[in-house]
Amino acid sequence: MTRLSRMLIVAFAFSASQGFAAESYPDRPVRFIVPFPAGGGTDALARILGGKLTEFWGQQVLIDNRAGAQGNIGTAAGARAAPDGYTITLAQSGALAINPHLYSNSGFDTLRDFAAVSRGIEMPYTLVVHPSVPVKTIKELVLLAKRNPGKLTHASVTSSSQLVGELFKLTTGTNMLHVPYKGAAPALIDLLAGNVSMLFAAPTPTLPYVKIGKLRALGVMSNKRLETLPDVPTAVEAGYPELGNVLEWYGVVVPASTPRDTIAKLNSAIVRALNSTDVLERLRPLGQTSSPSTPAEFAEYIRVDFERWGKVVKASGAKVD
């Protein structure tokens, strides 16, 4: 047998084994890295989605919360995972689109280290204040902040909520003090106690407190009102169109060299799950809107948001290190 013949046989065998692997995927449990603590919006989506994928596949989807550095630690772990489809990562807008501009070394390259699988959900940021803050609209808040520069405080729970606060200040010409927190839970404790004035956050952690009057929602950073907060006006209605499409998004990514066939199977299952009636019903009260996509659409979505927030970081001068 010639050397060329042996090489062709090996190549054919490898190709066949790859095809079989993709065809039988998954044939063992899949790890789902969530780069934030349990209890937040990312964790909620991962558990809902993971449960549905387990149902489809007959293989357990194991949630692995890897919190730290505003999502950098878990996201970097996802980038370093074996590219075989058995580790998927919850992609969050702050971690992928903002952190690389804020940190001198986030531990990953957003546009190089990941392959997009599907967008998961989108939700607009909301602006909520402690009831002791004497305002009921965004315009009243802006006037109060301008009369008291540096006195009002805005909490953040991720880099994205920090940058939404910076974008708000740039847009409205206000000066407020930023107070960072390591997660939604400690930020909410201080906000509910009145130790900070306000929070820019996705609606999931704040909705229950707005509903019972412990927090006051002033505005939704989108072009249309939230179904779960129908009485809260949008930033566009308040006269700030620049704040009309400020969204937090979650999705699923895998290491860049993951086989395309595996990505296609993952995408098909995730899109099916996100369109399932029971999943939609569970996402609705969280303020999360299902928004699945093709891998190519999600890759472009990430790229556009990455460039957008890079400009905001540069304009604001915000840095973590």
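Let's start with a pair of side chains: Asp 278 and Lys 52 form a salt bridge, with their closest N and O atoms 2.9 Å apart. Asp 278 sits in helix H11 and Lys 52 in helix H2, so this pair ties together parts that are 226 residues apart in sequence. A salt bridge here is a side-chain nitrogen of Lys or Arg within 4 Å of a carboxyl oxygen of Asp or Glu. Helices (H or I, at least four residues) and strands (E, at least two) are DSSP runs, numbered from the N terminus.

Before we go on, note that this is a predicted model, in which local features need pLDDT of at least 70 and side-chain atom pairs count only at pLDDT 80 or more, while totals for chains, interfaces and linings use all residues. Residues are numbered from 1 along each chain as its sequence is written, and side-chain values use heavy atoms, leaving out hydrogens and water.

Are the two partners buried or exposed? Lys 52 is buried, with a relative accessible area of 9%, whereas Asp 278 is partly exposed at 36%. Buried means under 20% relative accessible area, exposed over 50%, and partly exposed in between, using a 1.4 Å probe and protein chains only.

The structure holds 13 salt bridges, and some of them join up: Asp 27, Arg 28 and Asp 84 are linked in a network. Asp 27 meets Arg 28 at 4.0 Å, N to O, and Asp 84 meets Arg 28 at 3.3 Å. The second pair links distant parts of the chain, with Asp 84 in the loop between H3 and strand S3 (87-92) and Arg 28 in the loop between H1 and S1, 56 residues apart. Asp 27 is partly exposed at 47%, as are Arg 28 at 39% and Asp 84 at 28%.

Now look at the backbone. A cis peptide bond, with omega about -10°, joins Tyr 25 and Pro 26, and Pro 26 is placed in the loop between helix H1 (3-24) and strand S1 (30-34). In the loop between strand S2 (61-65) and helix H3 (72-80) you will find Ala 69, which has a positive phi of about 55° although it is not a glycine. Gln 70 is found in the loop between S2 and H3 too, and its phi is near 55°.

Next, turn to the inside. In soluble globular proteins, nonpolar side chains tend to be buried together. A nonpolar core is a set of buried Ala, Val, Leu, Ile, Met, Phe, Trp, Tyr and Cys residues joined through side-chain atoms within 4.5 Å. The largest one has 45 residues, and among those touching the most other members are Leu 127, Phe 168 and Trp 309. Apart from it lies another core of 30 residues, including Leu 45 and Leu 274.
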